[in-house]
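This report walks through one protein model, part by part. Have the sequence and the structure open as you read.

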Amino acid sequence: MPKGESLYLPSSSAFGTVFLMETLTGLYAKIEAGSRITDHEALVLMRNAPLLELGRLAQNRMCRFHNSATVTFLIDRNINYTNICTNRCRFCAFYRDSAAPDAYLLTHEQILEKVAEAVAQGATQIMLQGGLNPGVGLEYAERVLKKIKAAFPVLLHSFSPPEIDHFAKQSGCSPEEVLHRLKDAGLDSLPGGGAEILSDRVRQAISPHKIGAKRWLEIMECAHHRGLPTTATMMLGSIETLEERIEHLRAVRDLQDKTGGFRAFIPWTFTAGNTELGGVATSSIDYLRTLAVSRIYLDNIKNIQGSWVTQGIDIGQMSLFFGANDLGSIMLEENVVRAAGVANRITEDEMVALIRRAGKTPLQRNTQYEIVKRYD
Ligand code: SF4
């Protein structure tokens with residue numbers, strides 16, 4: 001039952017209503033006291049708490065980490081070096097078979113040109129992300145990282161776990177060795193892509209050829225142990241149940257307890273256009289409810305990102321009242337969500353204005369969440 005309009009479970013009797021109200025009141029007090037909530041409590045919140053109450057509680061949690069008067073964002077470019085991919089995920093509108101007329105693989109020179117353009121526009125981070133292309137191996141990745149690092153003062157936040165797994169298989173190396181070599185070549189951190197929902201039932205249905213939840217978590221753990229921080233993402237609104245969303249949050253929270261290596265959590269919504277999976281987009285209310293519960297549940301992750309890319313600028317702004325302290329990147333280039341027919345764009349000036357209209361002070365950050373510019 002993933003769609004927002006179906007989340008509320010009205011009590012069938014006066015007794016049930018009183019019981020639910022008492023349960024929620026006790027739960028609110030627990031959250032306000034800063035205590036960790038259980039999976040069951042997260043589910044109760046997700047199903048029953050009024051939207052504005054969820055926002056209030058999420059903001060309460062956010063203020064334990066951050067000054068609520070400020071909001072951070074980043075300038076970066078997401079360079080998708082190839083759209084050729086053998087995984088053929090059913091929710092993906094970006095991938096192409098190698099014989100497709102619009103299939104591509106960028107040369108290193110093309111990538112360096114894109115990096116130069118991004119740096120000229122103020123980018124502090126470059127993301128390299130692509131399909132699992134049999135023609136792209138570890139050496140391609142190593143060489144391009146070295147070339148970028150030698151020429152530009154940018155942080156390289158690149159290659160999510162499915163790509164690390166692909167490089168390992170292509171090269172015959174272990175994921176540990178792949179991460180070691182990429183770090184030596186200049187990799188600074190990993191994006192949390194490929195997580196979708198960390199539940200094997202969901203993964204089997206929407207991306208049967210992609211690495212499983214266990215492998216995604218193993219690669220992230222390995223990156224953390226190698227001194228490579230990462231983010232974690234969640235794609236909500238495809239076929240998952242609310243219980244499976246909590247399962248995903250639990251996997252992320254458990255690993256964070258172990259390693260402390262997740263810098264941020266980024267929930268975003270499935271975009272159905274041009275995909276084999278299809279379906280109807282989930283509601284913005286569902287997104288905001290899940291964002292707020294994520295902030296409350298993930299008491300060990302400092303940064304929770306609002307998604308203007310999939311939800312649009314207005315809901316991105318609303319996310320700042322549902323637990324998000326950061327609006328991610330203005331993304332000088334974005335191709336994956338665009339391929340599914342959603343083309344939200346924002347400039348630096350528009351981002352600054354959006355945050356100011358929310359009554360907050362914009363701060364530009366880098367990948368490491370260090371402030372590089374204030375807009376007082
Ligand atoms: S989501 Fe990633 S792995 Fe899946 S088909 Fe698209 S590019 Fe390939």
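Which residues are around the ligand?

## Ligand shell

The model is a predicted one: local features need pLDDT of at least 70 and side-chain atom pairs count only at pLDDT 80 or more, while totals for chains, interfaces and linings use all residues. Residue numbers start from 1 along each chain, as its sequence is written.

Around the ligand are Cys85, Asn87, Arg88, Cys89, Cys92, Phe94, Tyr95, Gly131, Leu132, Pro162, Ser207 and Lys210. A residue is listed if its C-beta atom, placed from the backbone, lies within 6 Å of the molecule. By class, this shell has seven nonpolar, three polar and two charged residues. Ala, Val, Leu, Ile, Met, Phe, Trp, Tyr, Cys and Pro count as nonpolar; Asp, Glu, Lys and Arg are charged; the others, Gly among them, are polar.

## Two domains

The chain is assigned domain 1 (4-52) and domain 2 (70-374). These bounds come from an automatic or database domain assignment. Taken over C-alpha atoms, the two domain centres are 31 Å apart.

Where do the domains touch? Contact here means C-beta atoms, placed from the backbone, within 7 Å. Helices (H or I, at least four residues) and strands (E, at least two) are DSSP runs, numbered from the N terminus.

Strands pair if DSSP finds at least two bridges between them.

Strand 2 runs parallel to strand 3 (residues 125-128), joined by four bridges. Asp76 stands opposite Gln125 in strand 3. Axes are lines fitted to C-alpha atoms, for helices over the stretch in contact, and angles run from 0 to 180 degrees between N-to-C directions.

## Sheet 5-6-7

A further open sheet of three strands has the order 5-6-7, again with parallel pairing. Its edges are strand 5 (230-236) and strand 7 (303-304), each with a single partner strand, so one side of each has no neighbour in the sheet.

Seven bridges link strand 5 to strand 6 (residues 262-269) in the parallel sense. Met235 has Trp268 in strand 6 as its bridge partner. Helix 11 (residues 284-297) packs on this sheet and touches strand 5, strand 6 and strand 7; its direction makes about 160° with that of strand 6.

Strand 1 (residues 70-74) pairs with strand 9 (residues 361-365) in the parallel sense, over four bridges. Here Thr70 stands opposite Thr361.

Strand 9 also pairs with strand 10 (residues 371-374), in the antiparallel sense and over three bridges. Gln364 faces Lys373 in strand 10. The hairpin of strand 9 and strand 10 has five residues between the strands, and Tyr369 takes a positive phi near 65° there.

## Helices 6 and 9

How do helix 6 and helix 9 cross? The axes of helix 6 (residues 161-171) and helix 9 (residues 213-225) come within 9 Å and cross at roughly 85°. The two helices are therefore roughly perpendicular, a term for angles of 65 to 115 degrees.

Pro161, Ile164 and Asp165 in helix 6 meet Arg215, Trp216, Ile219 and Met220 in helix 9. By class, this contact has five nonpolar, no polar and two charged residues.

Definitions and conventions:
Angles under 35 degrees count as roughly parallel, over 145 as roughly antiparallel, 65 to 115 as roughly perpendicular and the rest as oblique. Two residues are in contact if their C-beta atoms, placed from the backbone, lie within 7 Å.
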